[in-house]
Amino acid sequence: MTTAPYLIVIGGSAGGLQPILTLLPGLAVSLNAAIIIVLHRQSHYESVLTELLSAKTLLPVKEAAEKEPLLKGTIYIVPADYHLLIETDHTLSLDYSEKVNFSRPSIDVTFSSAALAYGSNMAALLLSGANTDGTEGLIDVHEAGGTTAVQDPATADVDYMPRQAIELAPVDIILQPQEMATFINGIAGV
């Protein structure tokens with residue numbers, strides 16, 4: 001397998017699962033990127049989430065593991081109760097430090113470390129949620145030259161997270177859930 005030249009990071013909280021389930025079937029199997037999904041959730045949903053997402057896509061879905069390389073065409077789920085950092089050599093690092101924005105995993109932590117590792121070769125997509133996690137990370141992605149996208153708050157189950165991001169961060173595109181797969185395919189070289 002080939003290390004991913006491009007990275008897509010999707011972050012969400014309350015209401016974030018539904019847009020993910022909507023976009024997964026539309027992802028191209030020839031995706032020239034790795035995808036990381038950061039969801040705020042309880043740890044006892046681990047295996048159920050991997051199975052649920054795997055049933056919606058032909059791409060391999062797996063829980064992220066320490067020092068694992070990011071491979072193109074693979075979807076990584078951040079384990080519950082860990083922050084996920086992307087190293088400059090495009091490997092993964094799990095961290096159990098304090099919560100950020102009351103969350104572990106923190107979307108900000110993953111967005112920001114991905115921005116340092118991938119720069120303009122990444123996109124960050126922020127979904128439905130009830131806190132401000134993700135906004136600071138979107139700013140870092142923008143400053144690194146990456147693409148920033150947010151779920152249309154009108155389509156979010158909980159609109160606070162995407163609405164805050166639109167108000168406080170530079171957002172390149174606002175997406176309906178049914179537009180997200182096309183967006184990802186388009187920026188990931190498909």
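Good morning. I shall begin with Pro105, which is found in the loop between strand 6, residues 92-95, and helix 3. Please keep in mind that the structure shown above is a predicted model. The peptide bond that joins Arg104 and Pro105 is cis, with an omega of about 15°.

Let me turn to two other loop residues. Asp81 lies between strand 4, residues 75-77, and strand 5, residues 83-86. Its phi is positive, about 70°, although Asp81 is not a glycine.

Is His90 buried or exposed? Its relative accessibility is 18%. Buried means under 20% relative accessible area, and His90 therefore counts as buried. Asp81 has a relative accessible area of 28%, so this residue is partly exposed.

I now come to helix 4, which covers residues 135-143. Which of its residues are buried? They are Thr135, Gly137, Leu138, Ile139 and Val141. What do these buried residues pack against? Two of the partners are helices, namely helix 3, residues 107-118, and helix 5, residues 160-168. The others are strand 7, residues 122-126, and strand 8, residues 147-151. Helix 3, as you will recall, is also the element at one end of the loop that holds Pro105.

Thank you for your attention.

Technical notes. Residues numbered from 1 in each chain as written. Predicted model: local features only at pLDDT ≥ 70, side-chain atom pairs only at ≥ 80, totals over all residues. Heavy atoms only, no water. Buried < 20%, exposed > 50% of the residue type's maximum accessible area, 1.4 Å probe, protein only. Helix = DSSP H or I, 4+ residues; strand = E, 2+ residues; numbered from the N terminus. Contact = heavy atoms within 4.5 Å.
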